[in-house]
Amino acid sequence: MSAKQLTLLSKESLESLLNSIDTVLSDCDGVLWKETEVIPGSPETVDKLKELGKKFFYVTNNNTKTRSEFVEKCKEFGYKATIDEMVCTSYLAAMYLKEKKFDKTVYVVGGDAIAKELDEVNIKHCGVGPDFMDGSDLDLIKQFKPDEEVGAVIVGFDKYFGYPKLLKATTYLANRNIHFIGTNGDIDKPSPNSNKFPGTGCFVKAIEAASHRSAVMVGKPETFLSEHIIKKYNLNPSRTLMIGDNLNTDILLGKRCGFKTLLVLSGVTTISDIKDQTNDSLIPDYYTDQLSDVFRMLSSN
């Protein structure tokens, strides 16, 4: 199996592809923007797809903002997004516990967005913010008194991550009845330059190693997200297109769900990554340099 280069499709093949989809699910960072910079041509492409009658949803593994905050970011970049079109992993983590009828407290290794989404569903939480080490590691172990009300640990991107949070999360997770939730397993984020940009998966892996447990992941490409979006949006998988920049999350999610898949090379994946790939579940149906190629093709046709 090999991926098809989208820009080499004939007019008839492109029309056939578009006619075969009703819904577009798109990753955000690496497809629509890179952190604080919009990717040129992407807003116009989203508008064009909507003009053609396609439902469009923003599906991101990012957990550093709430759905409402992502809608505001979309507006700043020229995307006409609504909260019902937005799926982010801070929201999904809260939905996971809500579906479990969770009524205890969550220890959060992560930021304010996770806390805000938990507040939206009236779930108590603790742990957000700086937790600096005062004294030795031995002092910390002796002094820490676990909160008996904690019944879950959620791990997201945490700029204050350090030994105190690692110790506390691991201590809670020693109780196998406590839920262990990871927002996503992305090791890398699309970087604006040549520097590496470690992602949430690094924090999750550290806590998994220390606790000897595996987190339930709510983000791409895992089951909870796919079941949630298919049910929430009443999707027909065979008439849905997944667009992303990551083989291991976006494309794998699409393949698992029976979606058509389009990979863009404006994020973390390179053309050599596609050509060297031997796992069919990680090979997209189509690939192109960036999302604006779709707009250019539609405009020329």
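The dialogue below discusses how to read several features of this predicted model.

Reader: Let us begin with the sheet. What is the order of the strands in the open sheet, and how do they pair?

Author: The open sheet has 7 strands in the order S1-S14-S13-S12-S2-S5-S6, and the pairing is parallel.

Reader: Which strands are the edge strands?

Author: Strand S1 (4-5) and strand S6 (86-87) are the edge strands, each pairing on one side only.

Reader: How many bridges join strand S12 to strand S13?

Author: Strand S12 (residues 240-244) and strand S13 (residues 260-264) run parallel and are joined by 4 bridges.

Reader: Which parts of the chain does the pair of Lys-50 and Glu-85 link?

Author: The side chains of Lys-50 and Glu-85 form a salt bridge, at 3.5 Å from N to O. Lys-50 belongs to helix H2 (residues 42-51), while Glu-85 is in the loop between helix H3 (67-77) and S6; the two are 35 residues apart, so distant parts of the chain are linked.

Reader: Are these two partners buried or exposed, or in between?

Author: Lys-50 is partly exposed, with a relative accessible area of 24%. Glu-85 counts as buried because its relative accessibility is 15%, and buried means under 20%.

Reader: Where do Lys-116 and Glu-69 lie?

Author: Their side chains meet in a salt bridge of 2.8 Å, N to O. Lys-116 is in helix H5 (residues 112-120) and Glu-69 in helix H3, 47 residues apart, and this pair too links distant parts of the chain. Lys-116 counts as partly exposed at 41% relative accessibility, as does Glu-69 at 28%.

Reader: What does the salt bridge of Arg-256 with Glu-222 tie together?

Author: The closest N and O atoms of Arg-256 and Glu-222 are 3.5 Å apart. Arg-256 lies in helix H10 (residues 247-257), and Glu-222 lies in the loop between strand S11 (216-217) and helix H9 (223-233), so the contact ties together parts that are 34 residues apart in sequence.

Reader: Which residues gather in a patch of negative charge on the surface?

Author: The patch consists of Asp-103, Asp-147, Glu-148 and Glu-149. Glu-149 is in the loop between helix H6 (137-143) and strand S9 (150-155), and counts as partly exposed at 40% relative accessibility.

Reader: Which residues form a nonpolar patch on the surface?

Author: Met-133, Ile-141 and Tyr-163 do so, with about 270 Å² of accessible area together. Met-133 lies in the loop between strand S8 (124-126) and H6 and is partly exposed, at 36% relative accessibility.

Reader: Finally, how many residues of helix H4 are buried?

Author: An α-helix has 3.6 residues a turn, so residues three or four places apart point the same way. In helix H4 (residues 89-99), 9 of the 11 residues are buried, and the helix is mostly covered. Among the buried residues are Tyr-91, Leu-92, Met-95 and Tyr-96. Just after H4, Lys-101 takes a positive phi of about 55°.

Note on methods: Residues are numbered from 1 along each chain as its sequence is written. This is a predicted model: local features need pLDDT of at least 70, side-chain atom pairs count only at pLDDT 80 or more; totals for chains, interfaces and linings use all residues. Side-chain values use heavy atoms; hydrogens and water are left out. Patches are made of residues with over 30% relative accessible area and no salt bridge: like charges are joined within 9 Å, nonpolar side chains (Val, Leu, Ile, Met, Phe, Trp, Tyr) within 5 Å. Accessible areas come from the Shrake-Rupley method with a 1.4 Å probe; for residues, only the protein chains shown count as cover. A salt bridge is a side-chain nitrogen of Lys or Arg within 4 Å of a carboxyl oxygen of Asp or Glu. Lys and Arg count as positive and Asp and Glu as negative; His and the chain ends are not counted. The place of a charge is taken as NZ of Lys, CZ of Arg, CG of Asp or CD of Glu. Buried means under 20% relative accessible area, exposed over 50%, partly exposed in between (1.4 Å probe, protein chains only). Two strands pair if DSSP finds at least two bridges between them.
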